[in-house]
Amino acid sequence: MKKDLRTLDLNLLKTLDALLDERSVTRAAERLALTQPAVSGMLNRLRAHFDDPLFIRAPHGMVPTIRAQALAAPVKRVLADIDALLQPLEFTPHTAEMTFTVAATDYALRAVIVPFIALLKTAAPGIRVRVVPVEPERLTARLEQGKIDLALLTPPTTPGELHSRTLFEERYVCMMRADHPDAGMPLSLARFCALEQVLVSYEGESFHGVTDDALARIGRSRRVGLSVSSFLVLPEVLAISDMIAVVPERMAENRPGMFVCEPPLAVPGFTKSMAWHGRVHRNPAQAWLRGLLLETSQRHR
């Protein structure tokens, strides 16, 4: 028998969406700000409506049935469309109050978020910004669930199903302490290869990067004595040693006590971009915030 849409409460769809994401009645209840019995009752109503168990208990949570899996994408689309219908036609930045959650690395935090905040606090003082780690393996799911509004990535690391826009092109420079023996003079390729260097690797275990690839193409290599997983500690390491580092130019700008120069070989740069889910693509507030990010990123140059 064909089901009547009038018998399906919108709150049931929101519950189904939460259960599909969380695979747990307890976590879905927390996300929806409901009690566990209330969510269990809604699940029973959903089972009756779709004439399917929808979820089967398993040792590590609930496993969706084939019917539930088939409902996942349509339910998200319906909820996104309804959310779009409820959004105001106009967005007034100066009076807006909301939280904007961005996934970013420490590089993007300094290169993108800092200049963005400087302008945002003047144009929209009521908007709060929350910055969280990128977590590539969970990124798309978190964007779908609304836990993240925007991610600062590079084109190769951007999932194909997301919307994206280039923010800027980045290049590499060489950085060392201002009183380093080699500061203030051109750095030869031979001296560059001889100096011990620091490499920033987000994996925290690699001693090979884009600079090593560029050196290998001309039959040379360098001495990497330290590999760290964050740019934040880099200036401190350089300040207390004769080590040098090849870093994105925006990370080297306005660093007290540091000397910056061109590397003695061409090191390919990279593109910094922003990515977002289709669920917020037409949201006026989100569109305005993306526009401001683009403006501040390009103005910074």
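This report walks through selected features of one predicted protein model.

Residues are numbered from 1 along each chain as its sequence is written, and side-chain values use heavy atoms, with hydrogens and water left out. Because the model is predicted, local features need pLDDT of at least 70 and side-chain atom pairs count only at pLDDT 80 or more, while totals for chains, interfaces and linings use all residues.

Helices (H or I, at least four residues) and strands (E, at least two) are DSSP runs, numbered from the N terminus. Strand E7 covers residues 172-177. How many of its residues are buried? The count is 6 of 6, so E7 is mostly covered. Buried means under 20% relative accessible area, exposed means over 50%, and partly exposed lies in between (1.4 Å probe, protein chains only).

E7 pairs with strand E10 (residues 244-248). Strands pair if DSSP finds at least two bridges between them. Here 4 bridges join E7 and E10, and the two run antiparallel. Met 175 stands opposite Ala 245 in E10. E7 also pairs with strand E11 (residues 258-261), in the antiparallel sense, over 4 bridges. In that pairing Cys 174 stands opposite Cys 261 in E11.

Ala 178 is found in the loop between E7 and helix H7 (189-194). Ala 178 counts as partly exposed because its relative accessible area is 46%. Contact means heavy atoms within 4.5 Å. Leaving aside neighbours within four places in sequence, Ala 178 is in contact with Ala 183, Gly 257, Met 258 and Phe 259. The C-alpha atoms of Ala 178 and Pro 256 are separated by 8.5 Å, and the two residues are 78 residues apart along the chain.

**Loop residues**

Arg 23 is found in the loop between helix H1 (10-22) and helix H2 (25-32). Arg 23 is not a glycine, yet its phi is positive, at about 55 degrees. Its relative accessibility is 35%, so Arg 23 counts as partly exposed.

Asn 254 is found in the loop between helix H10 (249-252) and E11. Asn 254 has a positive phi of about 55 degrees, although it is not a glycine. Is Asn 254 buried or exposed? Asn 254 is exposed, because its relative accessible area is 72%.

Thr 154 lies in the loop between strand E5 (150-153) and strand E6 (163-170). Thr 154 counts as buried because its relative accessible area is 18%. Thr 154 touches Phe 270, Thr 271, Lys 272 and Ser 273, not counting residues up to four places away in sequence.

**Aromatic rings**

A pair of aromatic rings is described by the distance of the centres and the angle of the planes. Rings of Phe, Tyr and Trp (its six-membered ring) pair if their centres lie within 6.5 Å; planes under 30 degrees apart count as stacked, over 60 as edge-to-face and the rest as tilted. The structure holds 5 aromatic pairs. Two of them are listed below.

| Pair | Centre to centre | Angle between planes | Type |
|---|---|---|---|
| Phe 91 and Trp 288 | 5.6 Å | 55 degrees | tilted |
| Phe 100 and Phe 116 | 6.3 Å | 55 degrees | tilted |

The pair of Phe 91 and Trp 288 links distant parts of the chain, 197 residues apart. Phe 91 lies in the loop between helix H4 (66-86) and strand E3 (98-103), and Trp 288 lies in helix H11 (residues 284-299). Phe 91 is partly exposed at 22% relative accessibility. Trp 288 is partly exposed too, at 24%.

Phe 100 is in strand E3 and Phe 116 is in helix H5 (residues 106-123), 16 residues apart. Phe 100 is buried, with a relative accessible area of 0%. Phe 116 is buried as well, at 0% relative accessibility.

Tyr 107, Tyr 172, Phe 231 and Phe 270 form one aromatic cluster.

A charge sits over a ring if NZ of Lys or CZ of Arg is within 6 Å of the ring centre and within 35 degrees of the ring normal. Arg 250 lies over the face of Phe 168, at 3.5 Å from the ring centre.

**Helix H11**

The expected span of a helix is 1.5 Å times one less than its number of residues. H11 has 16 residues, so it should span 22 Å. Its end C-alpha atoms are 22 Å apart, which agrees. Buried residues in H11 include Ala 285, Leu 289, Leu 292 and Thr 296.

Asn 283 caps the N-terminal end of H11. A side-chain oxygen of Asn 283 lies 3.0 Å from the backbone nitrogen of Ala 285. A polar contact is a pair of N or O atoms within 3.5 Å; within protein, one must be able to donate a hydrogen and the other to accept it, and residues adjacent in sequence count only if both atoms are side-chain atoms.
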